[in-house]
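Me: I'm new to this one, could you walk me through it?
Reply: Gladly, here it is.
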Amino acid sequence: MDKNFPEEFTQVIKFDPPLYKQRYQFVKDLVEKYKPKKVADLGCADCSLLWMLKFCSCIEVLAGLDICANVMKEKMHTLSPLPADYLQPSERSLTVTLHHGSVAHKDPCMLGFDLVTCIELIEHLEESELKKFPEVVFGFMAPSIVVISTPNSEFNPLLPRVMSYRHPDHKFEWSQAEFQSWALETARCYDYSVEFTGVGHPPTGMEKVGFCTQIGVFVRKYPQTAQPVLSEKPTEAVYKTVFKAVYPSLKDGKYLQNAVISEVIFTAQIIKHRLMPKPEESGDDPERKSKLQPSMDSSSDYLGKLVVEKSMEPFVRGNKLCIPLTTIFAFPKVNRLCGTFEKLCKLIAGKVTLSTDGSAVMVSIEQENEEN
């Protein structure tokens, strides 16, 4: 313990929530603020941050990079779609990819990202790697936003178990002045602005020590309007892809069609149960029968008139309840899934039992077998 620190600060400091969760929450809050579609996490390790970010509805592409493939492989299964994702596909598309490689190398698979996170990464880099890091991230990848977090060495004396560095693999740990000097110079060289903050507050009375984890948020000053010189870009991949998952999405025609068909059938059953009495409830209710009887004897001319007028009233024909597609299309979820009436008709054609003129969904009103 540093002799310059009062004795009352020699007790073990505990962060609530744990410091790593505060760092992840900081990134998540940033995502909620800026709504990036493509996010890359450099030094993703066990994929914990990626797992949290996959639930952010704005993100469509997630990529992780780490020098240690084994660490990624231990937890990469958590990034795979679950059965529920197939049963109820999301409206957004989501692709998650993990790469094995070094942040000191350039690979075209890391181009086009809106946000790049480097959480507790730079302190693990060798001096030669750290020198290349700014050019790779800010010059080559050039995302709109870069978030870099790293330990604040000035906080270390408040952590009794820390003798030198917080982790045996750390190559250095910077003070606030050292990190800010490096960050400001990097921002200046690559036309970024940078703001400093952090997580893990110091004890009351020790505010000058700063946050336990210091964070720099870099924002690119000017939009990237021109493509970089091709000669400066490697045309061959240097990273090895170790995992890729494409989540089911309603943007995929196959999943959209399945969702629409299921919703149409479900909606038709809802309408049927609202209109048709159960056998034990109906009896010989003449009033109930009269509501549907006129339609049961409707002529083809009358049915044609209903279609022309886009009538939304279900009617009975034989042992079938005919529910106009206009009625089903009016249900909010069906409407939202299809967008247009024409698209609804196209998606369910040949997949749902329709009337001969294709204007209504046909649902049997005969008592169903109890075993079914």
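Me: How many aromatic pairs does the structure hold?
Reply: This is a predicted model, and the structure holds 14 aromatic pairs.
Me: Take Trp174 and Trp182, why is that pair tilted?
Reply: The ring centres of Trp174 and Trp182 are 5.5 Å apart and their planes are at 40 degrees, so the pair counts as tilted, given that planes under 30 degrees apart would be stacked and those over 60 edge-to-face.
Me: And is Trp174 buried or exposed?
Reply: Trp174 counts as buried because its relative accessibility is 13%, and Trp182 is buried as well, with a relative accessible area of 15%, where the cut-off for buried is under 20%.
Me: Which residues do ring pairs link into a cluster?
Reply: Ring pairs join Phe133, Phe172, Trp174, Phe179, Trp182 and Phe196 into a cluster.
Me: Switching topic, which residues touch the most other members in the largest nonpolar core?
Reply: The largest nonpolar core has 41 residues, and those touching the most other members are Val31, Leu53, Ile59, Leu98, Val147 and Phe243.
Me: Which element gives the most to this core?
Reply: That is α1, which gives 6 residues, while the elements that each supply at least two residues include α1 (19-34), β5 (145-151) and β8 (240-246).
Me: What is Val147 in contact with, neighbours within four places in sequence aside?
Reply: With those neighbours left out, Val147 is in contact with Phe26, Leu30, Leu115, Val116, Thr117, Cys118, Ile119, Ile215 and Gly216.
Me: How many residues are in the second, separate core?
Reply: The second, separate core has 31 residues, among them Val103, Leu121, Phe140 and Met141.

Technical notes. Residues are numbered from 1 along each chain as its sequence is written. This is a predicted model: local features need pLDDT of at least 70, side-chain atom pairs count only at pLDDT 80 or more; totals for chains, interfaces and linings use all residues. Side-chain values use heavy atoms; hydrogens and water are left out. A nonpolar core is a set of buried Ala, Val, Leu, Ile, Met, Phe, Trp, Tyr and Cys residues joined through side-chain atoms within 4.5 Å. Buried means under 20% relative accessible area, exposed over 50%, partly exposed in between (1.4 Å probe, protein chains only). Helices (H or I, at least four residues) and strands (E, at least two) are DSSP runs, numbered from the N terminus. Contact means heavy atoms within 4.5 Å. Rings of Phe, Tyr and Trp (its six-membered ring) pair if their centres lie within 6.5 Å; planes under 30 degrees apart count as stacked, over 60 as edge-to-face and the rest as tilted.
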